[in-house]
Amino acid sequence: MPRADSSPVCAAQPNLTAHGVSVPLFTLVVEWWEAAKSHFTTFCWRYAVAARQQYTAGVAKWTASLAYLHGRFNRGEPVDWAIYEGAKERLGGLLEAKSKALAQKGELEEGERPTAYYFQASRVHRGASAIAGLRRADGNLAERPAILAVAESYYAKLFSWRACNPAAEAYLLHYISARLGGKEAWSMEADMTLEEVREALLSLRDGRAPGHDGLPKEFYAIFWHLLGPDLLEVYRALLERGALSASMQKGFLVLLYKGGDWTELGNWWRLTLLTTDCKVLAKVATIHLRIDQEKAFDRVQHVSRFKSNGFRPPVSLAGFTYSCVRVNGSLSGVVEQAGGVRQGCLLSPLLYVLFMEPFAGLVRWDPGVDGVRLPGVAGEALKIQQYADDTTLFVSSV
(Lines give C-alpha, C1' and ligand atoms only; values in the text may rest on other atoms or scores of the structure.)
Protein backbone atom coordinates (compact mmCIF):
# COMPACT_ATOMS: atom_id res chain seq x y z
CA MET A 1 0.00 0.00 0.00
CA PRO A 2 1.68 3.25 -1.07
CA ARG A 3 2.36 5.95 1.46
CA ALA A 4 3.79 9.41 1.20
CA ASP A 5 6.74 9.18 3.61
CA SER A 6 8.16 12.69 4.01
CA SER A 7 6.98 14.14 0.70
CA PRO A 8 4.25 16.81 1.07
CA VAL A 9 1.48 14.96 -0.74
CA CYS A 10 -2.19 15.59 -0.09
CA ALA A 11 -3.88 12.53 1.45
CA ALA A 12 -6.55 12.60 -1.24
CA GLN A 13 -4.12 12.70 -4.14
CA PRO A 14 -4.19 9.38 -6.04
CA ASN A 15 -1.15 7.36 -6.98
CA LEU A 16 -1.28 5.20 -10.11
CA THR A 17 0.16 1.74 -9.59
CA ALA A 18 1.68 -0.43 -12.30
CA HIS A 19 -1.77 -1.89 -12.93
CA GLY A 20 -3.33 1.53 -13.41
CA VAL A 21 -5.33 1.28 -10.18
CA SER A 22 -5.84 4.55 -8.31
CA VAL A 23 -4.64 4.21 -4.69
CA PRO A 24 -4.68 7.12 -2.20
CA LEU A 25 -1.41 8.23 -0.64
CA PHE A 26 -1.08 8.89 3.08
CA THR A 27 0.72 11.89 4.52
CA LEU A 28 1.16 10.27 7.96
CA VAL A 29 2.81 6.90 8.42
CA VAL A 30 0.45 6.11 11.32
CA GLU A 31 -2.60 6.56 9.08
CA TRP A 32 -0.98 4.33 6.48
CA TRP A 33 -0.30 1.67 9.12
CA GLU A 34 -3.91 1.68 10.32
CA ALA A 35 -5.18 1.23 6.75
CA ALA A 36 -2.58 -1.47 6.06
CA LYS A 37 -3.58 -3.42 9.17
CA SER A 38 -7.18 -3.38 8.01
CA HIS A 39 -6.07 -5.04 4.76
CA PHE A 40 -3.92 -7.52 6.68
CA THR A 41 -6.90 -8.48 8.82
CA THR A 42 -9.13 -9.02 5.80
CA PHE A 43 -6.46 -11.14 4.13
CA CYS A 44 -5.92 -13.28 7.23
CA TRP A 45 -9.66 -13.75 7.74
CA ARG A 46 -10.14 -14.92 4.16
CA TYR A 47 -7.12 -17.21 4.45
CA ALA A 48 -8.45 -18.69 7.70
CA VAL A 49 -11.90 -19.28 6.21
CA ALA A 50 -10.41 -20.96 3.15
CA ALA A 51 -8.09 -23.09 5.32
CA ARG A 52 -10.97 -24.17 7.55
CA GLN A 53 -13.11 -25.09 4.55
CA GLN A 54 -10.20 -27.02 3.05
CA TYR A 55 -9.61 -28.84 6.33
CA THR A 56 -13.29 -29.72 6.77
CA ALA A 57 -13.61 -30.91 3.17
CA GLY A 58 -10.42 -32.97 3.48
CA VAL A 59 -11.54 -34.68 6.70
CA ALA A 60 -14.95 -35.43 5.20
CA LYS A 61 -13.41 -36.79 1.98
CA TRP A 62 -10.87 -39.14 3.58
CA THR A 63 -13.26 -40.24 6.32
CA ALA A 64 -15.80 -41.19 3.66
CA SER A 65 -13.13 -43.03 1.68
CA LEU A 66 -12.11 -45.07 4.71
CA ALA A 67 -15.74 -45.84 5.54
CA TYR A 68 -16.33 -47.03 1.96
CA LEU A 69 -13.26 -49.28 2.02
CA HIS A 70 -14.23 -50.65 5.44
CA GLY A 71 -17.66 -51.46 4.02
CA ARG A 72 -16.16 -53.38 1.10
CA PHE A 73 -13.94 -55.32 3.48
CA ASN A 74 -16.87 -56.19 5.79
CA ARG A 75 -18.89 -57.43 2.80
CA GLY A 76 -16.02 -59.64 1.69
CA GLU A 77 -15.31 -57.56 -1.41
CA PRO A 78 -11.73 -56.94 -2.60
CA VAL A 79 -9.99 -53.86 -1.17
CA ASP A 80 -6.98 -52.01 -2.56
CA TRP A 81 -4.93 -51.71 0.62
CA ALA A 82 -2.57 -49.18 -0.92
CA ILE A 83 -5.52 -46.81 -1.40
CA TYR A 84 -6.69 -47.60 2.15
CA GLU A 85 -3.29 -46.76 3.66
CA GLY A 86 -3.07 -43.59 1.57
CA ALA A 87 -6.47 -42.38 2.78
CA LYS A 88 -5.55 -43.22 6.36
CA GLU A 89 -2.29 -41.29 6.06
CA ARG A 90 -4.02 -38.25 4.54
CA LEU A 91 -6.65 -38.17 7.32
CA GLY A 92 -3.97 -38.67 9.97
CA GLY A 93 -1.95 -35.78 8.58
CA LEU A 94 -4.93 -33.42 8.76
CA LEU A 95 -5.74 -34.42 12.34
CA GLU A 96 -2.09 -34.17 13.35
CA ALA A 97 -1.82 -30.61 12.00
CA LYS A 98 -5.02 -29.67 13.84
CA SER A 99 -3.81 -31.19 17.09
CA LYS A 100 -0.51 -29.29 16.90
CA ALA A 101 -2.37 -26.02 16.42
CA LEU A 102 -4.62 -26.73 19.39
CA ALA A 103 -1.67 -27.86 21.52
CA GLN A 104 0.04 -24.53 20.81
CA LYS A 105 -3.04 -22.77 22.17
CA GLY A 106 -2.99 -25.04 25.24
CA GLU A 107 -6.30 -26.70 24.41
CA LEU A 108 -4.83 -30.17 23.83
CA GLU A 109 -1.93 -32.14 25.24
CA GLU A 110 1.01 -32.68 22.90
CA GLY A 111 0.26 -35.65 20.63
CA GLU A 112 -3.45 -35.77 21.53
CA ARG A 113 -5.84 -35.96 18.56
CA PRO A 114 -8.95 -33.74 18.27
CA THR A 115 -12.01 -35.99 18.10
CA ALA A 116 -15.73 -35.42 17.71
CA TYR A 117 -16.03 -35.85 21.49
CA TYR A 118 -13.42 -33.09 22.00
CA PHE A 119 -15.29 -30.59 19.84
CA GLN A 120 -18.60 -31.44 21.55
CA ALA A 121 -16.97 -31.05 24.98
CA SER A 122 -15.51 -27.69 23.91
CA ARG A 123 -18.94 -26.43 22.92
CA VAL A 124 -20.38 -27.60 26.26
CA HIS A 125 -17.53 -25.88 28.14
CA ARG A 126 -18.04 -22.61 26.29
CA GLY A 127 -21.74 -22.77 27.10
CA ALA A 128 -21.06 -23.47 30.79
CA SER A 129 -18.65 -20.50 31.03
CA ALA A 130 -21.22 -18.08 29.62
CA ILE A 131 -22.55 -15.41 31.99
CA ALA A 132 -26.26 -15.98 32.59
CA GLY A 133 -26.85 -12.92 34.78
CA LEU A 134 -25.15 -10.06 36.63
CA ARG A 135 -26.05 -8.11 39.73
CA ARG A 136 -26.91 -4.44 39.18
CA ALA A 137 -25.72 -1.68 41.50
CA ASP A 138 -29.15 -1.70 43.18
CA GLY A 139 -28.80 -5.43 43.95
CA ASN A 140 -31.31 -6.65 41.38
CA LEU A 141 -30.28 -9.43 38.99
CA ALA A 142 -30.04 -8.54 35.32
CA GLU A 143 -30.38 -11.31 32.76
CA ARG A 144 -29.68 -11.44 29.02
CA PRO A 145 -29.53 -9.19 27.10
CA ALA A 146 -29.34 -6.54 29.84
CA ILE A 147 -26.13 -7.96 31.34
CA LEU A 148 -23.97 -6.27 28.70
CA ALA A 149 -25.17 -2.84 29.84
CA VAL A 150 -24.55 -3.81 33.48
CA ALA A 151 -20.96 -4.80 32.69
CA GLU A 152 -20.36 -1.61 30.72
CA SER A 153 -21.72 0.57 33.53
CA TYR A 154 -19.66 -1.28 36.16
CA TYR A 155 -16.34 -0.85 34.37
CA ALA A 156 -17.10 2.70 33.25
CA LYS A 157 -17.42 3.61 36.92
CA LEU A 158 -14.38 1.56 37.94
CA PHE A 159 -12.13 3.17 35.31
CA SER A 160 -13.52 6.68 35.70
CA TRP A 161 -11.29 9.63 36.52
CA ARG A 162 -11.22 10.62 40.18
CA ALA A 163 -10.19 14.03 41.38
CA CYS A 164 -7.00 14.15 43.46
CA ASN A 165 -6.44 16.41 46.46
CA PRO A 166 -3.56 18.64 45.26
CA ALA A 167 -2.36 19.32 48.80
CA ALA A 168 -2.27 15.63 49.66
CA GLU A 169 -0.46 14.85 46.41
CA ALA A 170 2.11 17.55 47.04
CA TYR A 171 2.65 16.24 50.59
CA LEU A 172 3.12 12.70 49.30
CA LEU A 173 5.58 13.70 46.58
CA HIS A 174 7.51 16.12 48.76
CA TYR A 175 9.45 13.32 50.42
CA ILE A 176 10.89 11.94 47.18
CA SER A 177 13.94 14.12 46.78
CA ALA A 178 15.92 12.12 44.21
CA ARG A 179 15.56 12.91 40.55
CA LEU A 180 16.69 11.17 37.41
CA GLY A 181 19.86 12.62 36.05
CA GLY A 182 20.31 13.46 32.40
CA LYS A 183 22.13 10.19 31.65
CA GLU A 184 19.47 8.01 33.29
CA ALA A 185 16.62 9.92 31.66
CA TRP A 186 18.30 9.62 28.28
CA SER A 187 18.70 5.86 28.70
CA MET A 188 14.94 5.57 29.23
CA GLU A 189 14.07 7.82 26.31
CA ALA A 190 16.72 6.51 23.90
CA ASP A 191 15.43 5.98 20.40
CA MET A 192 14.34 2.39 19.84
CA THR A 193 16.12 0.23 17.29
CA LEU A 194 14.90 -2.38 14.84
CA GLU A 195 16.65 -5.14 16.79
CA GLU A 196 14.95 -4.00 20.01
CA VAL A 197 11.54 -4.18 18.38
CA ARG A 198 12.30 -7.62 16.94
CA GLU A 199 13.48 -8.95 20.32
CA ALA A 200 10.37 -7.55 21.99
CA LEU A 201 8.15 -9.28 19.40
CA LEU A 202 9.89 -12.64 19.74
CA SER A 203 9.67 -12.46 23.54
CA LEU A 204 5.87 -12.62 23.34
CA ARG A 205 4.43 -16.10 23.83
CA ASP A 206 3.02 -18.05 20.89
CA GLY A 207 -0.62 -19.09 20.68
CA ARG A 208 -1.99 -16.09 22.59
CA ALA A 209 -5.33 -14.53 21.70
CA PRO A 210 -4.84 -11.46 19.48
CA GLY A 211 -6.52 -8.12 19.96
CA HIS A 212 -9.51 -6.85 18.04
CA ASP A 213 -7.55 -6.64 14.77
CA GLY A 214 -7.06 -10.44 14.80
CA LEU A 215 -3.33 -10.23 13.99
CA PRO A 216 -1.36 -12.51 16.36
CA LYS A 217 2.33 -12.47 17.22
CA GLU A 218 2.96 -15.27 14.72
CA PHE A 219 1.77 -13.06 11.82
CA TYR A 220 4.34 -10.38 12.65
CA ALA A 221 7.08 -12.98 13.18
CA ILE A 222 6.50 -14.68 9.80
CA PHE A 223 6.36 -11.41 7.87
CA TRP A 224 8.94 -9.56 9.95
CA HIS A 225 11.27 -9.08 6.98
CA LEU A 226 8.49 -7.10 5.31
CA LEU A 227 6.85 -5.38 8.29
CA GLY A 228 9.77 -4.71 10.65
CA PRO A 229 11.20 -1.47 9.21
CA ASP A 230 7.75 0.05 8.70
CA LEU A 231 6.66 -0.91 12.22
CA LEU A 232 9.75 0.78 13.65
CA GLU A 233 8.91 3.93 11.70
CA VAL A 234 5.35 3.81 13.05
CA TYR A 235 6.60 3.51 16.63
CA ARG A 236 8.93 6.45 16.23
CA ALA A 237 6.07 8.53 14.84
CA LEU A 238 3.87 7.55 17.81
CA LEU A 239 6.60 8.52 20.29
CA GLU A 240 7.02 11.83 18.51
CA ARG A 241 3.33 12.73 18.72
CA GLY A 242 2.89 11.21 22.21
CA ALA A 243 -0.26 9.19 21.55
CA LEU A 244 -1.23 5.71 20.48
CA SER A 245 -2.78 4.95 17.11
CA ALA A 246 -6.55 4.42 16.90
CA SER A 247 -6.37 0.61 16.92
CA MET A 248 -3.85 0.54 19.78
CA GLN A 249 -6.14 2.65 21.94
CA LYS A 250 -8.82 -0.04 21.83
CA GLY A 251 -8.83 -3.16 23.98
CA PHE A 252 -11.21 -6.08 24.47
CA LEU A 253 -12.02 -6.62 28.14
CA VAL A 254 -12.64 -10.35 28.66
CA LEU A 255 -13.93 -11.79 31.94
CA LEU A 256 -12.59 -14.94 33.61
CA TYR A 257 -14.46 -16.48 36.54
CA LYS A 258 -12.35 -16.79 39.71
CA GLY A 259 -14.88 -18.11 42.24
CA GLY A 260 -17.64 -16.93 44.54
CA ASP A 261 -20.97 -15.47 43.50
CA TRP A 262 -20.90 -15.54 39.70
CA THR A 263 -23.45 -12.71 39.50
CA GLU A 264 -20.98 -10.26 41.08
CA LEU A 265 -18.53 -8.72 38.60
CA GLY A 266 -15.98 -8.40 41.38
CA ASN A 267 -15.62 -12.20 41.23
CA TRP A 268 -14.50 -12.12 37.60
CA TRP A 269 -10.91 -11.48 36.58
CA ARG A 270 -10.64 -8.88 33.86
CA LEU A 271 -8.03 -9.22 31.14
CA THR A 272 -7.54 -6.67 28.38
CA LEU A 273 -6.75 -8.16 24.97
CA LEU A 274 -4.54 -5.67 23.14
CA THR A 275 -3.34 -5.62 19.56
CA THR A 276 0.06 -7.21 18.98
CA ASP A 277 1.66 -3.99 17.74
CA CYS A 278 0.51 -2.30 20.97
CA LYS A 279 1.96 -5.13 23.10
CA VAL A 280 5.29 -4.96 21.28
CA LEU A 281 5.48 -1.20 21.85
CA ALA A 282 4.69 -1.73 25.54
CA LYS A 283 7.41 -4.39 25.72
CA VAL A 284 10.00 -2.02 24.25
CA ALA A 285 8.95 0.67 26.75
CA THR A 286 9.24 -1.92 29.53
CA ILE A 287 12.79 -2.77 28.45
CA HIS A 288 13.68 0.93 28.51
CA LEU A 289 12.20 1.30 32.01
CA ARG A 290 14.05 -1.75 33.34
CA ILE A 291 17.41 -0.06 33.72
CA ASP A 292 19.27 -0.32 36.99
CA GLN A 293 16.73 -0.50 39.86
CA GLU A 294 18.49 2.19 41.87
CA LYS A 295 18.29 4.61 38.96
CA ALA A 296 14.82 3.75 37.69
CA PHE A 297 12.43 2.79 40.48
CA ASP A 298 13.89 4.16 43.69
CA ARG A 299 14.86 7.47 42.14
CA VAL A 300 11.93 8.33 39.92
CA GLN A 301 9.00 10.46 41.00
CA HIS A 302 5.31 10.02 40.54
CA VAL A 303 4.30 9.54 36.90
CA SER A 304 2.48 12.90 36.91
CA ARG A 305 5.86 14.62 37.39
CA PHE A 306 7.92 12.72 34.86
CA LYS A 307 8.13 15.68 32.54
CA SER A 308 9.30 18.04 35.29
CA ASN A 309 12.13 15.61 35.95
CA GLY A 310 13.25 15.66 32.33
CA PHE A 311 11.74 12.24 31.61
CA ARG A 312 9.16 11.85 28.86
CA PRO A 313 6.59 9.18 29.84
CA PRO A 314 6.22 6.15 27.56
CA VAL A 315 3.70 6.67 24.79
CA SER A 316 1.42 3.97 26.24
CA LEU A 317 0.77 6.24 29.23
CA ALA A 318 -0.38 9.18 27.19
CA GLY A 319 -3.60 9.96 25.42
CA PHE A 320 -6.97 8.29 25.26
CA THR A 321 -7.35 4.52 25.72
CA TYR A 322 -10.54 2.51 26.05
CA SER A 323 -11.96 -0.99 26.17
CA CYS A 324 -15.12 -2.76 25.10
CA VAL A 325 -16.37 -5.42 27.52
CA ARG A 326 -16.91 -8.79 25.83
CA VAL A 327 -19.70 -10.83 27.42
CA ASN A 328 -20.92 -14.06 25.81
CA GLY A 329 -19.44 -13.02 22.47
CA SER A 330 -21.10 -9.58 22.42
CA LEU A 331 -19.30 -6.25 22.83
CA SER A 332 -20.38 -3.32 24.97
CA GLY A 333 -19.99 0.33 24.14
CA VAL A 334 -16.80 2.30 24.80
CA VAL A 335 -15.44 2.21 28.36
CA GLU A 336 -12.77 4.89 28.76
CA GLN A 337 -9.65 3.94 30.73
CA ALA A 338 -9.33 7.20 32.66
CA GLY A 339 -8.02 5.51 35.80
CA GLY A 340 -6.03 2.42 36.71
CA VAL A 341 -4.00 0.33 34.29
CA ARG A 342 -4.94 -2.14 31.57
CA GLN A 343 -4.46 -5.62 32.99
CA GLY A 344 -2.87 -7.53 30.15
CA CYS A 345 -0.52 -4.70 29.19
CA LEU A 346 3.15 -5.51 29.77
CA LEU A 347 3.75 -2.05 31.20
CA SER A 348 1.12 -2.36 33.93
CA PRO A 349 3.32 -3.95 36.67
CA LEU A 350 6.01 -1.30 36.22
CA LEU A 351 3.47 1.53 36.22
CA TYR A 352 2.04 0.17 39.46
CA VAL A 353 5.50 0.22 41.02
CA LEU A 354 6.04 3.82 39.93
CA PHE A 355 2.70 4.92 41.39
CA MET A 356 3.30 3.09 44.69
CA GLU A 357 6.86 4.36 45.22
CA PRO A 358 5.80 7.76 46.71
CA PHE A 359 3.70 5.98 49.33
CA ALA A 360 6.54 3.58 50.16
CA GLY A 361 8.96 6.50 50.42
CA LEU A 362 6.64 8.32 52.82
CA VAL A 363 6.34 5.21 55.02
CA ARG A 364 10.12 4.83 55.11
CA TRP A 365 10.62 8.50 55.97
CA ASP A 366 7.83 8.98 58.54
CA PRO A 367 9.33 8.85 62.09
CA GLY A 368 5.89 8.01 63.43
CA VAL A 369 6.01 4.59 61.79
CA ASP A 370 8.00 2.35 64.14
CA GLY A 371 9.48 -0.43 62.09
CA VAL A 372 11.14 -3.66 63.18
CA ARG A 373 14.82 -3.25 64.02
CA LEU A 374 17.01 -5.67 62.11
CA PRO A 375 19.85 -7.38 63.95
CA GLY A 376 23.32 -6.47 62.82
CA VAL A 377 22.20 -3.37 60.89
CA ALA A 378 22.78 -0.26 62.98
CA GLY A 379 19.95 2.23 62.81
CA GLU A 380 18.05 0.39 60.10
CA ALA A 381 14.41 -0.63 60.51
CA LEU A 382 12.21 -2.73 58.27
CA LYS A 383 8.93 -0.89 57.72
CA ILE A 384 7.47 -1.97 54.41
CA GLN A 385 7.80 -4.81 51.92
CA GLN A 386 6.15 -4.76 48.50
CA TYR A 387 5.80 -7.52 45.94
CA ALA A 388 3.66 -7.04 42.83
CA ASP A 389 0.37 -5.59 44.14
CA ASP A 390 0.85 -6.85 47.72
CA THR A 391 2.08 -4.50 50.45
CA THR A 392 3.13 -5.73 53.91
CA LEU A 393 3.84 -3.32 56.79
CA PHE A 394 6.25 -4.20 59.64
CA VAL A 395 5.53 -2.12 62.74
CA SER A 396 6.46 -2.50 66.40
CA SER A 397 3.77 -0.22 67.85
CA VAL A 398 0.17 0.78 67.18
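## Val197 and its neighbours

Leaving aside residues within four places in sequence, Val197 is in contact (heavy atoms within 4.5 Å) with Met192, Trp224, Leu231, Leu232, Tyr235, Val280 and Val284. You'll find Val197 in helix α7, residues 194-203; helices here are DSSP runs of H or I with at least four residues, strands are runs of E with at least two, and both are numbered from the N terminus. With a relative accessibility of 0%, Val197 counts as buried, a label for anything under 20% relative accessible area, while exposed means over 50% and partly exposed is in between (1.4 Å probe, protein chains only).

## What you're looking at

This is a predicted model, where local features need pLDDT of at least 70 and side-chain atom pairs count only at pLDDT 80 or more, while totals for chains, interfaces and linings use all residues. Residues are numbered from 1 along each chain as its sequence is written, and side-chain values use heavy atoms, with hydrogens and water left out.

The chain has 398 residues, and 36% of them count as buried. Take the contacts with a separation of 6 or more: 61% of them join residues 24 or more positions apart. The accessible surface is about 23600 Å², with 57% of it belonging to carbon and sulfur atoms; the areas come from the Shrake-Rupley method with a 1.4 Å probe, and for residues only the protein chains shown count as cover.

## Helix α1 and what follows

Helix α1 covers residues 29-74, so to speak a run of 46 residues, and spans 66 Å from its first C-alpha to its last. That is close to the 68 Å expected at 1.5 Å a residue, where the expected span is 1.5 Å times one less than the number of residues. Just after α1 comes Gly76, with a positive phi of about 80 degrees.

## Where α5 meets α13

Helix α5 (residues 166-174) and helix α13 (residues 348-365) have axes that come within 8 Å and cross at roughly 65 degrees. Axes are lines fitted to C-alpha atoms, for helices over the stretch in contact, and angles run from 0 to 180 degrees between N-to-C directions. That makes α5 roughly perpendicular to α13, since 65 to 115 degrees gets that name, under 35 is roughly parallel, over 145 roughly antiparallel and the rest oblique.

On the α5 side the contact is made by Tyr171, Leu172 and Leu173, and on the α13 side by Pro358, Phe359 and Leu362. By class, that's 6 nonpolar, no polar and no charged residues. Nonpolar covers Ala, Val, Leu, Ile, Met, Phe, Trp, Tyr, Cys and Pro; charged covers Asp, Glu, Lys and Arg; the others, Gly among them, are polar.

## Thr391 on strand β12

Thr391 lies in strand β12, residues 390-393, and is partly exposed at 34% relative accessibility. Not counting residues up to four places away in sequence, Thr391 touches Met356, Phe359, Ile384, Gln385 and Gln386.

Leu265, in the loop between β5 (250-257) and β6 (268-273), is buried at 6% relative accessibility. Its C-alpha is 7.9 Å from that of Tyr154, 111 residues away along the chain.

Pro145 sits in the loop between β4 (141-143) and α4 (147-158), and the peptide bond from Arg144 to Pro145 is cis, with omega near 0 degrees. Asn328, in the loop between β7 (322-327) and β8 (330-336), has a positive phi of about 55 degrees although it is not a glycine.
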